[in-house]
Amino acid sequence: MNGRLRLFWGLLLVLSLVWIIAGSVLTSAYFDDGNLGEEVAAGIRAFGSARDIDALATLPLPIVFIASGLPFALIALFFLRRSNKRAAAAAALDPEIAIRRQALLVSALALVFALILWNMRAAPGQAQTDMVTATLSPLLWPVRLFVTFVHEAGHSLAALITGGQVLEFTVSPDGSGYARTAGGYTALILPAGYLGAALFGSALFFLTSRYPKWTRGLSVFLGLAVIILTLLFAAPDPSGNLTANVIGIGFGVAMVALGWLAPRILNVFILNTLAILTSLNAVMDLSFLVRFGDAGVGDIRNDAAAFAAEYTPLLPASVIAFIWSAVAVIMLGAAVYFGLVKQVGGEISDAVKGKN
């Protein structure tokens, strides 16, 4: 009976996460202006109207999906964790297995929390006027700046790896930035900004979810790496703002402190939340370029436009951005699947086999 209950709660958790993720993405105003969710939206509005549920007519639909799925996900997490504790006590569960299962539950919570933060934005329909949406929640603004830092660091690392030099990189308070490099292989340097940020977020989520025992050391390593990159290459922007330096040192010190002082589970939660938000921001930036391929900062072309001009003159920048965005989505999807979904399925399967 216990094995069947664990199977039930595990399936409920997976279905709740699918409901939250798929619903919030399909009806989000930041993915094709929410047009993909028109039929779903109409059905939800009709359901709420028939039952006098006013909130369904006023709340943004992504929040409706999160609010309706989150209680079921939390209930499933609670009973699944309690069931796992009972099973561990009864069978003297290996400590490593217990750590992995606990990390999976926290990773699922971090994924939902990141989606909630992602949807804490201004009213849908507000036009985007630059590379950074003006509708970001204040809670996401530091993350937005960190994503730009990772973006410019990606260009810099690609230059170093391909034999070039890094002169400097900078971040501005509005979230824009640039990296000045010399030499190296520009065919890799140009896409390394957007795809580097997506890869960073995806790899961080996968490693943190799949290998939770490494998480504290991973936090310290990342913090030190960010600090070193900042000290070596970060510079003030054209207006003299030290945003890159502040963000780099701030996030670096925070990561080192997180890994040094905080418990493992808190490291898993914070790193996974940061990983998802970083990947989503990278995908969002690329989706903007798909619609506005000629966008840039002053006289500086965006990376997709520069790549198209230099390597694919027959393909417009918007097509290059679309290809990059597809790669970024695949990386994030693979990280969530192999880091979380597949592992949850494996735990459920093991529980059922153990019971039988």
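Tutor: A salt bridge is counted where a side-chain nitrogen of Lys or Arg lies within 4 Å of a carboxyl oxygen of Asp or Glu. By that criterion, two salt bridges are found when the whole structure is searched. The model is predicted, so local features require pLDDT of at least 70 and side-chain atom pairs pLDDT 80 or more, whereas totals for chains, interfaces and linings use all residues. Residues are numbered from 1 along each chain as its sequence is written, and side-chain values rest on heavy atoms, with hydrogens and water left out.

Of its 356 residues, 49% are buried. Buried stands for a relative accessible area under 20%, exposed for one over 50%, and partly exposed for what lies in between, with a 1.4 Å probe and protein chains only. Among contacts (heavy atoms within 4.5 Å) with a separation of 6 or more, 73% join residues 24 or more positions apart.

One of the salt bridges is formed by the side chains of D285 and R144, at 2.8 Å from N to O. D285 belongs to helix α11 (residues 264-291) and R144 to helix α6 (residues 141-161), so this pair ties together parts that are 141 residues apart in sequence. Both partners are covered: D285 is buried at a relative accessible area of 6%, and R144 is buried at 5%.

T278 lies in α11 and is buried, with a relative accessible area of 0%. Beyond its neighbours within four places in sequence, T278 contacts F146, V147, A197, F200 and G201. N272 is likewise part of α11, and its relative accessibility of 0% counts as buried. The contacts of N272, with neighbours within four places set aside, are S107, A110, L204, F205, T208 and S209. One of these contacts, A110, is 162 residues away from N272 along the chain, yet their C-alpha atoms are separated by 5.9 Å.

The salt bridge between the side chains of E168 and R180 has an N to O distance of 3.5 Å. E168 lies in strand β1 and R180 in strand β2, so the pair ties together parts that are 12 residues apart in sequence. E168 is buried at 19% relative accessible area, whereas R180 is partly exposed at 41%.

The strands themselves supply the setting for this pair. Two strands are said to pair if DSSP finds at least two bridges between them. Strand β1 (residues 165-171) and strand β2 (residues 177-182) run antiparallel and are joined by six bridges. R180 is also the bridge partner of E168 in β2, so that these residues are linked both through strand pairing and, under the definition of a salt bridge, through their side chains. Strand β1 is mostly covered, as five of its seven residues are buried. Between the strands of this hairpin there are five residues, and G175 takes a positive phi near 95 degrees.

D237 is found in the loop between α9 (215-233) and α10 (243-261) and is buried, with a relative accessible area of 7%. Apart from neighbours within four places in sequence, D237 is in contact with T170, V171, S172 and P173. From D237 to F169 the C-alpha distance is 8.5 Å, although 68 residues separate the two in sequence.

Note on methods
Helix = DSSP H or I, 4+ residues; strand = E, 2+ residues; numbered from the N terminus.
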